[in-house]
Amino acid sequence: LNSDKKAMNPYFAGALSGLLAVFSVWLTGKFFGASTTFVRAAGFMEKIFAPERVARMDYFVKEAPVIEWQWMFVTGILLGSLIAAVLWREFKIKAVPELWEKRFGKSPLRRSAVAFIGGIVAICGARLADGCPSGHGLSGLMQLAASSFVALIFFFIGGIIVSRLLYGKEAGR
């Protein structure tokens, strides 16, 4: 992070996220979440190549692999982040982040492999927890769901442990 640039106040950003979640439920009846999108996207792609196989999967009988509101929500997050980064002149393409480079070297292949494996672990964890951190953190806590409190505690503990293992004392800076 550039220390000379002022970031958005995290309390203000949190309040905006909370208001957006409330308006989402109020106007559409839909709660925030993202992990199901990735599973449905995989099913959608597989449906192109092996539709008969997807038709036999119990999960996709209940959760049809189609482009729907949650897919658009995740797409909006991507596009909104890109637009914000460009507008605030923060956008840059960098294969290896500085902290990673300092600790593990400049290899983009190594960084990509670890990021890919981390993504697999994250999506498996989100599916086991029956939701991702955004779903539990915004939607679950808004409903005071006990499972969301437990899931978030473990998401944070896991994140702290992994960041400490990977980056040591640099993780907290």
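Reader: Is Thr37 buried or exposed?

Author: Buried means under 20% relative accessible area, exposed over 50%, and partly exposed in between, with a 1.4 Å probe and protein chains only. Thr37 has a relative accessible area of 4%, so Thr37 is buried. Before we go on, please note that this is a predicted model, in which local features need pLDDT of at least 70, side-chain atom pairs count only at pLDDT 80 or more, and totals for chains, interfaces and linings use all residues. Residues are numbered from 1 along each chain as its sequence is written, and side-chain values use heavy atoms, with hydrogens and water left out.

Reader: Where is the place of Thr37, and what does Thr37 touch?

Author: Helices (H or I, at least four residues) and strands (E, at least two) are DSSP runs, numbered from the N terminus. Thr37 sits in helix 2. Contact means heavy atoms within 4.5 Å. Not counting residues up to four places away in sequence, Thr37 touches Gln70, Trp71 and Val74.

Reader: How many residues has helix 2, and what does it reach from its first C-alpha to its last?

Author: The expected span of a helix is 1.5 Å times one less than its number of residues. Helix 2 (residues 35-49) has 15 residues and reaches 22 Å, close to the 21 Å expected.

Reader: Which residues of helix 2 are buried, and what covers them?

Author: They are Ser35, Thr36, Thr37, Arg40 and Gly43. Their cover includes helix 3 (51-56), helix 4 (58-62), helix 5 (69-87) and helix 7 (108-128).

Reader: What is Ser35 in contact with?

Author: Leaving aside neighbours within four places in sequence, Ser35 is in contact with Ile123, Ala126, Arg127, Gly131 and Cys132. Its relative accessible area is 5%. Ser35 and Cys124 are 89 residues apart in sequence, yet 9.3 Å apart in space, C-alpha to C-alpha.

Reader: And what is Thr36 in contact with?

Author: With the neighbours within four places in sequence again left aside, Thr36 is in contact with Tyr59, Glu63, Gln70 and Arg127. Thr36 is buried because its relative accessible area is 17%.

Reader: Which residues make the nonpolar surface patch?

Author: Like charges are joined within 9 Å, and nonpolar side chains (Val, Leu, Ile, Met, Phe, Trp, Tyr) within 5 Å. Here, Leu79, Leu82, Ile83, Val86, Leu87, Trp88, Phe91 and Ile93 make a patch of about 900 Å². Ile93 lies in the loop between helix 5 and helix 6 (98-104), and Ile93 counts as exposed because its relative accessibility is 78%.

How values were computed
Patch = residues over 30% accessible without salt bridge, like charges linked within 9 Å, V, L, I, M, F, W, Y side chains within 5 Å. Areas by Shrake-Rupley, 256 points an atom, 1.4 Å probe, with all protein chains shown as cover. Salt bridge = Lys/Arg side-chain N within 4 Å of Asp/Glu carboxyl O.
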